[in-house]
Amino acid sequence: MWSWVAHRVTGVLIFFFLLVHVLDTALVRVSPEAYNAVIGTYQTPIMGLGEVGLVAAIVFHAFNGIRIALVDFWAKGPKYHRLMLWIVIGLCVVTMAGFLPRHLMNVFGGA
C-alpha cells in the first residue's frame with residue numbers, strides 16, 4: 001500500500017515540478033531580466049537540497065513504475081511483487097548514493 005501512495009505522491013510532485021519548469025522557462029520570452037532573477041534563486045543551497053528530493057522522486061517513480069508494469073503484465077509478477085519492491089528500494093539507494101556526493105559537493109562549494 002505504501003508503495004502505491006509513494007508512487008502517486010512522486011507522480012504529483014514531478015508534475016508540479018514540470019509545470020513550474022515550463023513556466024519559469026517561458027519567462028525568458030517575456031522578460032529576460034525576470035528569467036535571470038528566477039534562475040538566480042535556483043542557485044541556492046536550499047534549492048540544491050530540493051533538487052535532491054526531485055531526483056529521489058524521479059528515481060523512485062521510474063523504478064517503481066517498472067515494478068508496477070511487471071506486476072500487471074508478467075504472469076509471475078503478483079507472486080514476486082514484494083521482492084521486486086525491495087529491489088526497487090535497493091536500486092533507489094544505489095542510484096542516490098552515486099548522485100548525492102557529487103551533487104552536494106557542487107551545492108555546498110566542494111571541488
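Start by selecting α1 and α2, which are roughly antiparallel to each other because their angle falls in that class (angles under 35 degrees count as roughly parallel, over 145 as roughly antiparallel, 65 to 115 as roughly perpendicular and the rest as oblique). The axes of α1 and helix α2 (residues 32–41) cross at roughly 150 degrees and come within 6 Å. Axes here are lines fitted to C-alpha atoms, for helices over the stretch in contact, with angles running from 0 to 180 degrees between N-to-C directions. Helices (H or I, at least four residues) and strands (E, at least two) are DSSP runs, numbered from the N terminus.

Now show side chains: Asp 24, Thr 25, Leu 27, Val 28 and Val 30 of α1 touch Pro 32, Ala 34, Tyr 35 and Val 38 of α2, where contact means heavy atoms within 4.5 Å. Sorted by class, the contact of α1 with α2 has 7 nonpolar, 1 polar and 1 charged residues. Ala, Val, Leu, Ile, Met, Phe, Trp, Tyr, Cys and Pro count as nonpolar, Asp, Glu, Lys and Arg as charged, and the others, Gly among them, as polar.

A quick word on what you're looking at: this is a predicted model, where local features need pLDDT of at least 70, side-chain atom pairs count only at pLDDT 80 or more, and totals for chains, interfaces and linings use all residues. Residues are numbered from 1 along each chain as its sequence is written, and side-chain values use heavy atoms, with hydrogens and water left out.

On the α1 side, pick out residues including His 7, Arg 8 and Phe 17; across from them in α3, the contact residues include Phe 60, His 61 and Arg 67. The residues of this α1 and α3 contact divide into 8 nonpolar, 7 polar and 2 charged.

α3 passes α4 in a right-handed crossing. Its contact residues split into 20 nonpolar, 5 polar and 2 charged.

Stay here and select residues 49–71 and 83–100, both listed by UniProt as "transmembrane region" in an unreviewed entry. UniProt positions are given in the numbering used here, feature names are shortened, and annotations may be inferred rather than shown by experiment. Residues 49–71 are 100% helix, with end C-alpha atoms 33 Å apart; residues 83–100 are also 100% helix, and their end C-alpha atoms lie 26 Å apart.

Zoom in on Val 71, in helix α3. What is Val 71 in contact with, leaving aside its neighbours within four places in sequence? Gly 77, Pro 78, His 81 and Met 84.

Finally, zoom out: the protein has 4 helices and 0 strands. The C-alpha atoms fill a box of roughly 55 × 35 × 20 Å, taken along the principal axes.

Technical notes. A crossing is left-handed if the near helix is turned anticlockwise from the far one by less than a right angle, and right-handed if clockwise.
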